[in-house]
Amino acid sequence: AIAEIFLTKAKIQSTGGADVTPASIEGGAISLSNIQFTYPTKKDIQIIKDAAIVVEKNKTVALVGSSA
């Protein structure tokens, strides 16, 4: 389930934000804001900057794109 994914320690380091706990994701939507991403080997190229997404309960969302 989604809780297992969010509670799994990521292999890629992340910074900022509040810790995800079972109580913080129980029963509702998941809201992410100020999302930023760079590849570890290309830190000077920001791929995603200041993105936001809300995923409502019982919905599936995927983010896909080409690799540079």
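**View 1. Confidence and overall make-up of the predicted chain.** In this predicted model, the mean pLDDT of the protein chain is 77, and 69% of its residues reach 70 or more. Among the elements of the chain, strand β2 has the highest mean pLDDT, at 88, whereas helix α1, which covers residues 2-7, has the lowest, at 68. Where pLDDT is low, the predicted coordinates should not be read in detail. The secondary structure comes to two helices and two strands, and these elements follow one another from the N terminus in the order α-α-β-β.

**View 2. Surface and contacts of the whole chain.** Of the 68 residues of the protein chain, 4% count as buried. The chain exposes about 6300 Å², of which carbon and sulfur atoms supply 54%. When contacts between residues at least 6 apart in sequence are considered, 25% of them join residues at least 24 apart.

**View 3. The aromatic pair of F37 and Y39.** The count of aromatic pairs comes to one. The ring centres of F37 and Y39 are 5.0 Å apart and the ring planes stand at 80°, an angle over the 60 degrees required, and the pair is therefore classed as edge-to-face. F37, with a relative accessible area of 26%, is partly exposed, and Y39, at 30% relative accessibility, also counts as partly exposed.

View 4. Most residues other than glycine have a negative phi. N34, although it is not a glycine, has a positive phi of about 55°.

**View 5. N58, a positive phi in the segment after β2.** In N58, which is likewise a residue other than glycine, phi is positive and near 70°. N58 is found in the segment after strand β2, and its relative accessible area of 73% is over the 50% cut-off, so this residue is classed as exposed.

Definitions and conventions: Residues numbered from 1 in each chain as written. Predicted model: local features only at pLDDT ≥ 70, side-chain atom pairs only at ≥ 80, totals over all residues. Heavy atoms only, no water. Helix = DSSP H or I, 4+ residues; strand = E, 2+ residues; numbered from the N terminus. Buried < 20%, exposed > 50% of the residue type's maximum accessible area, 1.4 Å probe, protein only. Contact = heavy atoms within 4.5 Å. Areas by Shrake-Rupley, 256 points an atom, 1.4 Å probe, with all protein chains shown as cover. pLDDT = per-residue confidence, 0-100. Phe/Tyr/Trp six-rings, centres within 6.5 Å; stacked < 30°, edge-to-face > 60°.
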